[in-house]
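Work through the exercises below with the sequence and the model side by side. Try each task before reading its solution.

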Amino acid sequence: MVWKTGDKLDLSLDELADLDGKVSMTSGNTRVFVGNLPYSSSWQDLKDHMRQAGEVLFCEILPEPGTALGSKGCGLVEFATPAAAHRAISDLTGTVVQGRKIFVREDRESELSVEEGGRRVFVG
């Protein structure tokens, strides 16, 4: 089954669970978004965990200035290959980092800045 950006998913949670391992990334994207990280996680903790799926080229914890630990509880990881990113999504979703069950999905934001050769700016 192939999903493209903009496709709508009209499935129940049970049907979605049955798709495990059958959904493929079509963009060749090597970046993934990791959510539900402990706020105390460092980029090194995230990199060490994600290395199980393949070679990690870049890793960052998204910052939240003004909070006690300075983290949003999520991060971005870039792998050397799209296959490693897909492995991270299928194999590392539901694994535990410092006592919290994480989820991993394709990073949808990277398509905009990479394909257009532009830069992203966040204004908060």
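The model is predicted.

**Exercise 1. Describe the fold of the protein chain: its elements, their order and its burial.**

Solution. 
- Step 1: count the elements. The protein chain has four helices and six strands.
- Step 2: read their order. From the N terminus, the elements run α-β-α-β-β-α-β-β-β-α.
- Step 3: look at burial. Of the 124 residues, 31% are buried.
- Step 4: The accessible surface comes to about 8,100 Å². Carbon and sulfur atoms account for 53% of that surface.
- Step 5: check the contacts. Take those between residues at least 6 apart in sequence: 60% join residues at least 24 apart.

**Exercise 2. Find the largest nonpolar core and say which elements supply it.**

Solution. 
- Step 1: The core has 18 residues, and V32, V34, L46, M50, V77, F79 and V104 touch the most other members.
- Step 2: assign elements. Two or more residues each come from strand 1 (31–35), helix 2 (43–50), strand 2 (56–63), strand 3 (71–79) and helix 3 (82–92).
- Step 3: find the main contributor. Helix 3 gives the largest share, four residues.
- Step 4: zoom in on V32. Leave aside its neighbours within four places in sequence. V32 then contacts M50, G75, L76, V77, F79, A85, I89, V104, R105, E106 and D107.

**Exercise 3. Which residues of helix 2 are buried, and how are they arranged around its axis?**

Solution. 
- Step 1: pick out the buried residues. They are L46, H49 and M50 in helix 2.
- Step 2: look down the axis. The buried residues of helix 2 fall within an arc of 90°, so they line one face of the helix.
- Step 3: recall the geometry. An α-helix has 3.6 residues a turn, so residues three or four places apart point the same way.
- Step 4: identify the cover. The buried residues of helix 2 are covered by elements including strand 1, strand 2, strand 3, helix 3, strand 4 (96–97) and strand 6 (103–106).

**Exercise 4. How many disulfides does the structure hold, and are C59 and C74 buried or exposed?**

Solution. 
- Step 1: count the disulfides. There are zero.
- Step 2: C59 has 10% relative accessibility, so C59 counts as buried.
- Step 3: repeat for C74. C74 has 10% relative accessibility, so C74 is buried.

**Exercise 5. Locate the salt bridges and describe the surroundings of each partner.**

Solution. 
- Step 1: count them. The structure holds two salt bridges.
- Step 2: take D107 and R31. Their closest N and O atoms are 3.1 Å apart.
- Step 3: D107 lies in the loop between strand 6 and helix 4 (110–116), and R31 lies in strand 1, so the pair ties together parts that are 76 residues apart in sequence.
- Step 4: check burial. Both D107 and R31 are buried.
- Step 5: take R51 and D48. Their side chains meet at 3.5 Å, N to O. R51 is partly exposed at 43% relative accessible area. D48 is partly exposed at 39%.

**Exercise 6. Where does T30 lie, and which residues does T30 touch?**

Solution. 
- Step 1: T30 sits in the loop between helix 1 (13–18) and strand 1.
- Step 2: check burial. T30 has a relative accessible area of 16%, so T30 is buried.
- Step 3: list the contacts. Not counting residues up to four places away in sequence, T30 touches V77, E78, F79, A80, T81, P82 and A85.

Conventions:
Residues are numbered from 1 along each chain as its sequence is written. This is a predicted model: local features need pLDDT of at least 70, side-chain atom pairs count only at pLDDT 80 or more; totals for chains, interfaces and linings use all residues. Side-chain values use heavy atoms; hydrogens and water are left out. A nonpolar core is a set of buried Ala, Val, Leu, Ile, Met, Phe, Trp, Tyr and Cys residues joined through side-chain atoms within 4.5 Å. Buried means under 20% relative accessible area, exposed over 50%, partly exposed in between (1.4 Å probe, protein chains only). Contact means heavy atoms within 4.5 Å. The arc is that of the directions from the helix axis to the C-beta atoms. A disulfide is a pair of cysteine sulfur atoms within 2.5 Å. Accessible areas come from the Shrake-Rupley method with a 1.4 Å probe; for residues, only the protein chains shown count as cover. A salt bridge is a side-chain nitrogen of Lys or Arg within 4 Å of a carboxyl oxygen of Asp or Glu.
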